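Here are my notes for you, written as a few numbered points. Keep the model open while you read and look up each residue as it comes along.

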Amino acid sequence: MTENPQGPASQDAPLAGLDTHGSLPLEGIRVLELGSFIAAPFAARLFGDFGAEVIKVERPVGGDELRDWRKTRGETSMLFRTMGRNKKSVALDLRSDIGREAVLRMAASSDVVIENFRPGTLEKWGLGPDELRAQNPDLVMVRISGYGQTGPYKDRAGFGSSAESFAGLRYVTGEADRPAGRAAASIGDTVAGLYGVIGALMLLLKKARGGDTGGGQVVDVALYEGVFSLLESLVPDYDAYGMVRQRTGGRLPGVVPTGSYPTGDDLEVVIGGNSNSVFKRLMRAVGRPDLADDASLETTEGRGAREEELNGIIAEWTGARDLKEVLDVLSTEGVPAGPVYDAPSIANDEHYLARDMIQAHEVVIDGEPELVRFPGVVPKIPGHDGRVAWVGPDLGQHTEEVLRDVAGLTDEQIARAAGADVEAVR
């Protein structure tokens, strides 16, 4: 494992909120991020959240394109500030000789490299697994791509959107009479990032235990496979029952009652009353003990046959009460329910605040410092107070520091290293 240099520059106090006495589980781990957009950066962010030193390499002109996403003012989007937290930004042209040399030197003292270029791109630049492992045989490499490093589709360009479609998620998302829908978050990318981290940690653990990692030490994550793994019994249901799941909006077929219901104050509540015991409690809560004791409704199949009736009864009850009353009654009765929150509701909710899931950090927007609220760290573990050290840095903010202290370049080499731009290849 490598040492984690102290004192990284940031818009917040260096290492603010982090335990610097070696108790964070990933302290001493160095991660080199060669990715862009969501998947690889999300994976690297998780490493940084728990103490790893994360070095993010960005092209010198423009940097990661995520810096411009959903940006209405300032030079850097809040999406990048969120995804780039706890990282050091190094501006480097991967296609230049000096840029390639710098990456190889950094890889020599890194534990993990994470990338999400199209298969073959790093090899073309002389930065593939063979070259990197020649510098560091113990290096774990996480490779995230649309379709994986093998197979007939491996050379296809792949974003999370196409992965979600190919995996079957988009087909079953949305209303039945409308085109395929999507979740309002980058599910395909973030799930792939999670699997990348899990794979890397498994190989690091095996190595720490003295086990044989098989020589390759490459974690191969396909975006579509991560999504497909979430779709439960989609294909088994097809084989066993001839069932081809269709779009059903906010309802899950055969899972009754569950979904979103209107309240009397023009808000919405999502109720999950689909387990046998919870269904009985829900029916008593809405004033229908007769249905709670109805033997024909004691199974999922029985409730599914009366879905429209049951949903109508619940909607009538919620529609006669405001959201707070609905939530209070259902909470008392032990029925899972939650409000359909927007951003302001989340940012001011007492439970989010009590668990430190909303954290304010100072960022500079249009030349002026402002306090902006960002999401906290998941999961909560002993020895970590859950604070974010700093939000995503400015482009190239740590270039000189990292190239000098990690890559061992001279001042003249550093000056040349951040030269020409490099276009992201997907």
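1. First, the ground rules. This is a predicted model, where local features need pLDDT of at least 70 and side-chain atom pairs count only at pLDDT 80 or more, while totals for chains, interfaces and linings use all residues. Residues are numbered from 1 along each chain as its sequence is written, and side-chain values use heavy atoms, with hydrogens and water left out.

2. Start with helix 7, residues 187-208. (Helices are DSSP runs of H or I with at least four residues, strands are runs of E with at least two, and both are numbered from the N terminus.) Helix 7 has 22 residues and reaches 31 Å from first C-alpha to last, close to the 32 Å expected; the expected span is 1.5 Å times one less than the number of residues. Just after helix 7, Gly210 has a positive phi of about 80°.

3. Which residues of helix 7 are buried? Among them are Gly188, Val191, Ala192, Leu203 and Leu204. (Buried means under 20% relative accessible area, exposed over 50%, and partly exposed in between, using a 1.4 Å probe and protein chains only.) Their cover includes helix 1, strand 4 and strand 5, where contact means heavy atoms within 4.5 Å.

4. Now look at strand 4. Val112 and Ile114 on one side are buried, and so are Val113 and Glu115 on the other. Strand 4 pairs in the parallel sense with strand 1 over 3 bridges and with strand 5 over 4 bridges. (Two strands pair if DSSP finds at least two bridges between them.) Val31 has Val112 as its bridge partner, and Val113 stands opposite Met141.

5. Another set of strands makes an open, antiparallel sheet in the order 7-8-9. Strand 7 and strand 9 are the edges, each pairing on one side only. Ile271 has Ala337 in strand 9 as its bridge partner.

6. How many aromatic pairs are there? The count is 8. (Rings of Phe, Tyr and Trp, the last by its six-membered ring, pair if their centres lie within 6.5 Å; planes under 30 degrees apart are stacked, over 60 edge-to-face, and the rest tilted.) Phe37 and Trp69 form a tilted pair, 5.5 Å centre to centre with 50° between the planes. Phe37 lies in the loop between strand 1 and helix 1 and Trp69 in the loop between strand 2 and helix 2, so the pair ties together parts 32 residues apart in sequence. Phe37 is buried at 8%, whereas Trp69 is partly exposed at 34%.
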